[in-house]
Amino acid sequence: FQHLRPAVRASNGDFNTAIRENVRTQAAILSEASPVIAQLIREGRLMVAGGVYDVATGKVEPVEM
């Protein structure tokens with residue numbers, strides 16, 4: 001739950017905002033999780049992107065990072 005708390009705090013009680021903030025948080029964590037990933041991002045050879053999957057429609061809505 002520690003990684004969800006910042007998203008929930010930033011959302012001011014708005015569920016959809018909390019979801020998007022969590023996507024941004026998880027992308028940041030992933031970007032720094034491995035020295036290899038971090039290096040590839042710095043070199044411009046890898047990009048971490050985020051999105052929200054809608055189960056009802058099967059569509060993914062990109063989340064601006």
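Q: What makes Glu21 and Arg24 sit about one helical turn apart?
A: The two are three residues apart in helix α2, and that spacing is why they are separated by about one helical turn. Helix here means a DSSP run of H or I of at least four residues, while a strand is a run of E of at least two, both numbered from the N terminus.

Q: Where do the model and its numbering come from, and which atoms go into the side-chain values?
A: This is a predicted model: local features need pLDDT of at least 70, side-chain atom pairs count only at pLDDT 80 or more, and totals for chains, interfaces and linings use all residues. Residues are numbered from 1 along each chain as its sequence is written, and side-chain values use heavy atoms, with hydrogens and water left out.

Q: Why is the meeting of the Glu21 and Arg24 side chains called a salt bridge?
A: The rule asks for a side-chain nitrogen of Lys or Arg within 4 Å of a carboxyl oxygen of Asp or Glu. Glu21 and Arg24 come in at 3.0 Å, N to O, so the pair passes that rule. In general, side chains of opposite charge can pair when their charged atoms come close.

Q: Are Glu21 and Arg24 buried or exposed, or in between?
A: Buried means under 20% relative accessible area and exposed means over 50%, with partly exposed in between (1.4 Å probe, protein chains only). Glu21 has 24% and Arg24 has 30%, so both count as partly exposed.

Q: How many salt bridges does the rule give, and which residue pairs up with Glu61?
A: The count comes to three. Glu61 pairs with Arg20, their closest N and O atoms being 3.1 Å apart. This pair links distant parts of the chain: Glu61 is in strand β2 (residues 59-63) and Arg20 in helix α2, 41 residues apart. Glu61, at 43% relative accessible area, is partly exposed, and Arg20 lands in that class too with 22%.

Q: Which residues form the nonpolar patch on the surface?
A: Phe1, Leu4 and Val8, with about 350 Å² of accessible area together. A patch is made of residues with over 30% relative accessible area and no salt bridge, where nonpolar side chains (Val, Leu, Ile, Met, Phe, Trp, Tyr) are joined within 5 Å and like charges within 9 Å. The areas come from the Shrake-Rupley method with a 1.4 Å probe; for residues, only the protein chains shown count as cover. Phe1 belongs to the segment before α1 and counts as exposed at 80% relative accessibility.

Q: What is Val8 in contact with beyond its neighbours within four places in sequence?
A: Gly13 and Ala18, contact meaning heavy atoms within 4.5 Å. Val8 itself is in helix α1 (residues 5-11). Its C-alpha atom is 13 Å from that of Gln26, 18 residues along the chain.

Q: How do you know that Asn12 is exposed, and what is its phi?
A: Asn12 has 73% relative accessibility, so it counts as exposed. Its phi is near 55 degrees, a positive value in a residue other than glycine. Asn12 lies in the loop between α1 and α2 (15-32), with its C-alpha atom 32 Å from that of Ile37.

Q: How many helices and strands are there, and what pattern do they follow?
A: Three helices and two strands, running α-α-α-β-β along the sequence. The C-alpha trace spans about 35 × 30 × 15 Å along its principal axes.

Q: What share of the protein counts as buried?
A: Of the 65 residues, 18%. The accessible surface comes to about 5,100 Å², with 57% of it belonging to carbon and sulfur atoms.
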